[in-house]
Amino acid sequence: MWHLMGSVRIIVTHKSMAGRILLLVLFMNAVFFIVNAVPETCPADLGGKCGEDGEWEGEFFPGVPKIKYEGPSSKNPLSYKWYNAEEVILGKKMKDWLRFSVAFWHTFRGTGADPFGAPTKYWPWEDGTNSIAMAKRRMRANFEFLSKLGVDRWCFHDRDIAPDGKTLKETNSNLDEVVALAKELQGDKIRPLWGTAQLFMHPRYMHGAATSSELGVYAYAAAQVKKAMEVTHYLGGENYVFWGGREGYQTLLNTDMERELDHMAKFLEAAAAYKKKIGFNGTLLIEPKPQEPTKHQYDWDAATTLNFLRKYGLLAEFKLNIECNHATLSGHSCHHDLETARINGMLGNIDANTGDPQVGWDTDQFLTDVGEATMVMISVIRNGGLAPGGFNFDAKLRRESTDVEDLFIAHISGMDTLARGLRNAAKLIEDGSLAELVSKRYSSFDTELGAQIEAGKADFEMLEKKAMEWGEPKVASAKQELAEMIFQSAL
């Protein structure tokens, strides 16, 4: 134990060896005190406690009730104001339009650390290790969180839910052990919206995974995706995601871009083949992002990714997982990338988050802008929904938000924002004014010649003849301000 010396003063000079020794003893004693003064994570001040075997007993979130819908007038932060799961909007329940999912990595592995600062979040159930026992404890916390939030889907990276072992075989065994518990905890109602392999954090992937210059890394990545796809299938996952955070380059001076793209295509082709081999019926999704951590990522945005899939004959095997913050990093709005994917029949899932317009990196904030959410939901409604995809909250608490209840508040806010966006989009569709404005703008093509153009039956000679006949064309107003007025009126 640490004993204070009272008022005893120790004077140490450069000639006093005894004083130095005593000072060293005091220093070591202080270190012992600091290390052992860190509050134990089990039991915690939230009411949980440890059993004799060291396992957590009781609830992980004892101060948080099951979150219920209380309506827009509610002042209770632990309630839904706009998300009413069973309410029917445009012929479909809200829960079926939105199909919410919790991201395991941000919610249960996020620490608040950034390049300039140490972790700020120390959840009560954490014991400071990355052991199998700790992984299982996190998994139990995850399912209690889902239950209280009223969400029946979750997403994961393989290495977020189970630790690496010394070998690939040991790592796979660790994953199997944690996944077996997840399967048990899921029951019949909960399942992964999607799973994926973490192919960006380990040093082996510093040059990429499918695009690595090292054959051994390519093979290791294939083995990791194989296993991650198997466990996603085992858990009843509805989709499987590929995010190529390091599939790109820092400079073209040392990069054979054509060869790397060819390798990535072969990797994805093999993944699609293995999906069929194991009978996994989920959708394979590619998540575009322009950069970070690489300077240039090959699946830059929706259009670039679609062109890649088209070139390599993979359009029939994949759809896109659009992340809003990634879209803005590529210079687009989220709505733009959603529409690009939708009109190509390739919108499969949405990672619901947003960035900060004042910073130039992927901040992964919860979406709280009702206007943006309304535009997102316009695309979703036009798409007929997202199933078997949905909305995954690839979003994290701010570094300065450190209370356990903040996890709930953030998700409630994000869910309410998208639910409000759904209500607003439905209003706009039912009102019809915006659709009428757009239809009127293109009405000149609702003619015999317009039909011929759209059917590919109008050649340049025919069009030249009409241009000569009509003279200078009249150009109508686009009515942008009116369109914005109509849109804002729905908010």
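How many aromatic pairs does the count come to? In this predicted model, the count comes to 25 aromatic pairs.

A pair of aromatic rings is described by the distance of the centres and the angle of the planes. Tyr83 sits in the loop between strand S4 (79-80) and strand S5 (88-89). Phe100 belongs to strand S7 (residues 100-103). The pair therefore ties together parts that are 17 residues apart in sequence. Tyr83 has 7% relative accessibility and counts as buried. Phe100 is also buried, at a relative accessible area of 4%. Both values fall under the 20% cut-off for burial.

Ring pairs also build a cluster. Its members include Trp56, Phe60, Phe61, Phe104 and Phe108.

Helix packing was examined for helix H4 (residues 132-149) and helix H6 (residues 168-186). Their axes lie 10 Å apart, at an angle of about 25°. This angle is under 35 degrees, so H4 and H6 are roughly parallel to each other. Their crossing is right-handed. On the H4 side, the contact is made by Ile132, Ala135, Lys136, Met139, Arg140 and Phe143. H6 contributes Asn174, Glu177, Val178, Leu181, Ala182, Leu185 and Gln186. By class, the contact has eight nonpolar, two polar and three charged residues.

Methods:
Residues numbered from 1 in each chain as written. Predicted model: local features only at pLDDT ≥ 70, side-chain atom pairs only at ≥ 80, totals over all residues. Heavy atoms only, no water. Axes fitted to C-alpha atoms, helices over the stretch in contact; angles between N-to-C directions. Helix = DSSP H or I, 4+ residues; strand = E, 2+ residues; numbered from the N terminus. Parallel < 35°, antiparallel > 145°, perpendicular 65-115°, else oblique. Left-handed = near helix turned anticlockwise from the far one by under 90°. Contact = heavy atoms within 4.5 Å. Nonpolar A, V, L, I, M, F, W, Y, C, P; charged D, E, K, R; others polar. Phe/Tyr/Trp six-rings, centres within 6.5 Å; stacked < 30°, edge-to-face > 60°. Buried < 20%, exposed > 50% of the residue type's maximum accessible area, 1.4 Å probe, protein only.
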